[in-house]
Structures are given as structure tokens and as C-alpha cells.
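User: Could we go through this model together, starting with the ligand site?

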Amino acid sequence: MSSKIFKIAALAGDGIGPEVMREAIKVLRAVEKKFPLQFQITEAPVGWAGIDAAGKALPDATLALCRQSDSILFGSVGLPDRDPTIPKEERPERAALLRLRKEFGLFANLRPVRLPKELAHACPLAKERQGDGIDILVVRELTGGMYFGQPKKTEEIPGGHRAIDTMVYTTPEIERIAHVAFKAAQLRRKKVTSIDKANVLENGVLWREVVTRVGKNYPDVALEHMFVDNGAMQLMLRPTQFDVMLCENMFGDILSDEAAALAGSLGMLPSASLGATNGGNTFGFYEPAGGTAPDIAGKNLANPIAQILSVAMLLRYSFGENAAASAIDDAVGKAIATGHRTGDIFSASEPKATRVGTSLMGDVIASAV
Ligand code: IPM
Ligand code: MG
């Protein structure tokens, strides 16, 4: 049987990045044994690892590798302790992560938040607020808004400084992310909650107008608008009301972390960042939604599930390999159902739970594939 060959750039980055990436690669190797697929995985440094290896958070060779690859599997970057040693524009978050998002036009960030029933104890909400389970897809716009708008600077003024960030969105930017949200909702429970701050921000008014207009093309999907402050509160009060949450960049950044806490741990939350589809191929960037967690790095404590579920998203969205993607999702489900828990999702009150380290969790999932 001949195999399909895919090229993956694996950029582990900093903190827990390398150890969770190792487990993700283990799982990819298990997929190769089970399906007629072959992965050419090339690792390259990024973030502080890039600065240490080649003097830049995104070394030229790493960027070149990304261009030659079918998709990017990313770990995480940033070590706040080292930040004071270099100018802020050169720090990994901006010079590597934001730059890659912009460079590859990855405007659509999908962050699925699901609370498996076995992890109900890890959810900070009372049982009755969890309903039949939490299952939310945060669709975050990723290349616009405050994180990229110009001017962006800090200038001196008498008596101190003045810091300026600019929130800016255009109609086409809002339209394309809205289409992504409505299409995703059609495959789910057919509801979009669009988040904005239309009561204060010009951006919010435009966002609401454009999303409403795009929504007319999807009569089968219910559209509701919600102010971001209320959205943050509703996530705590009644998270089961949400199906797809459509957010601009910063609101999506904040609400996706909040939503992730509902799923027990940020260590469970994968993400896909997608650009436009080119002749049937969607180049994508896949990463855990969490950060580098320097406090637990290198201790075999990190939860590799977000990284592993990111691999499943990669196979599904960029390679169209749904069976292999589902095999990974199911393997993660099995590892959880059989009581395997990294520290972040462990509770001593669970009778059958076993506390495991990063690499054992990876082994269990890989063998379940
Ligand atoms: C995320 C992260 C990044 C972001 C940081 C590290 C720049 O918080 O992916 O959510 O804000 O987008
Ligand atoms: Mg974030």
C-alpha cells in the first residue's frame, strides 16, 4: 500500500514546548503505523530557542522550513524572565508567533473547548451549571485588531510616557472570519454568538453590522450578539448556551482562556490557525492554546493533550485525514476514560485516577491509537 507523504515543520519552542512536542511526534509515529500516511517531520528552533541558536526568535532557516512544509506544528514561545534582556519587538511573542500568523495569513483561529464528563471534577463550576456537558468552539480573528493595528508605540510625554495601541478592522476582515464561524456552526449545533463591544467601540459597531449581514447567508444558523463583558460573565453562569463564539482578536484571546478553564485545564485546549484555502489545500498552524508554563518546564509534569489534540486538528483541517484525526481524538478520550491524569486534571477524590507524567500520558495515547 503506498503512503501519502506530508511535510510537517515541528517548532517546539520554549518552556514545556519541547516535552509536549515529543509526545505529539510519538503520536504521529503511531498514526503512521496504523494508516497509509507518512510524515516528514523536521524540527527547528523558535522563540528563545531560536534566539539562542541563531540570534532571532524566528530564525531565517526556521521560516524557510515553514514555507517548504505542508503545515506547522507549534509548541509555545516566551519566557517572561528573559524579556528584559531584549527590546520588546524582538521578543518571541511578537517576533515569532505574531509574525508567523501574519506571514502566513492565518486569520482564523479555532479553539474547541470540551469538558469530557470524566473531568467534571476539574471544571471550576458547580455540577448543575455544567448541564449535559460543555462544548464550545471559539472562533478568534487572529491577524487584525489591537495586536496588529498601527500606530503601536510608546512615546515620551511630559511627566511620563504615552502608550498607544490601535484597534482596527475592515469589512473584508470581519466578513471572512464570520464566514468561518457560520460554516463551523453548520457542522455543530447551528448557533453563533458574536462577541463585541458595540456599546462603546467603533470597531464593535462595524463588527456587529458586518456579522449580521454575513449571517443572512446562513438562515439555518441562529445568530445572537453579546457584549464581551456579558460574554465573560455568561461563560461562568451558563456556558451550555454557547455553541460557536465569534470573537475579534483580543476578545477571543481572553475568552478562550476563560472557556478553557471550564474544560478543566488550559492543558487540554488545542488550536488551529488557518489561512485561505488554496486549490483545496489549507495551510495551517497548530498549537496548544496555553503557554510555555516555565514553572513546570522540564519536569515531566506538563499535560501533552493540547499538543496531541492539535495534531488531530492538523490531520483534519490541513490534510483532510479525518479517520486518522478521529483515531487520535478517540485515543485521548480513552486515556482519560481509563483514569490517566496529569497533575493539572488530577483530583485525589477520583477513585480510579492515576497520576501520570507527560511522557507516560503520551505513551498511553500513542498506544491507544
Ligand atoms: C495565545 C497567546 C498569544 C496571543 C500570546 C503568547 C502572544 O496568548 O495564543 O492565545 O495573545 O495570541
Ligand atoms: Mg492567549
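Analyst: A residue counts as being around the ligand if one of its heavy atoms lies within 4 Å of it. Please note that this is a predicted model.

User: Which residues are around ligand 1, then?

Analyst: They are E93, L97, L98, R101, R111, R140, Y147 and D253. By class, this shell comprises three nonpolar residues, no polar ones and five charged ones.

User: Which helix gives the most to that shell?

Analyst: Helix α4, spanning residues 92-103, does so, with four residues.

User: And which domains does the shell draw on?

Analyst: At least three residues come from each of domain 1 (1-112 + 265-369) and domain 2 (124-263).

User: How much of ligand 1 does the protein cover?

Analyst: On its own, ligand 1 has 320 Å² of accessible area, and the protein covers 77% of that. The ligand sits in the second largest pocket.

User: Changing topic to the backbone: which peptide bond is cis?

Analyst: The bond from Q150 to P151 is cis, with omega near 0 degrees. P151 belongs to the loop between β5 (135-141) and β6 (153-157).

User: What about phi of A293?

Analyst: Phi there is near 40 degrees, a positive value in a residue other than glycine. A293 is in the loop that runs between β12 (281-288) and α10 (305-317).

Methods. Residues are numbered from 1 along each chain as its sequence is written. Chains are lettered from A and ligands numbered from 1 in the order in which they are written. This is a predicted model: local features need pLDDT of at least 70, side-chain atom pairs count only at pLDDT 80 or more; totals for chains, interfaces and linings use all residues. Side-chain values use heavy atoms; hydrogens and water are left out. Accessible areas come from the Shrake-Rupley method with a 1.4 Å probe; for residues, only the protein chains shown count as cover. On a 1 Å grid over the protein atoms alone, a cavity is a set of points where a 1.4 Å probe fits but cannot get out, and a pocket is an open set with protein on both sides within 12 Å along at least five of seven lines; lining residues have an atom within 4 Å of a point. A molecule sits in a cavity or pocket if more than half of its atoms lie within 2 Å of its grid points. Helices (H or I, at least four residues) and strands (E, at least two) are DSSP runs, numbered from the N terminus. Ala, Val, Leu, Ile, Met, Phe, Trp, Tyr, Cys and Pro count as nonpolar, Asp, Glu, Lys and Arg as charged, and the others, Gly among them, as polar. Domain bounds come from an automatic or database domain assignment.
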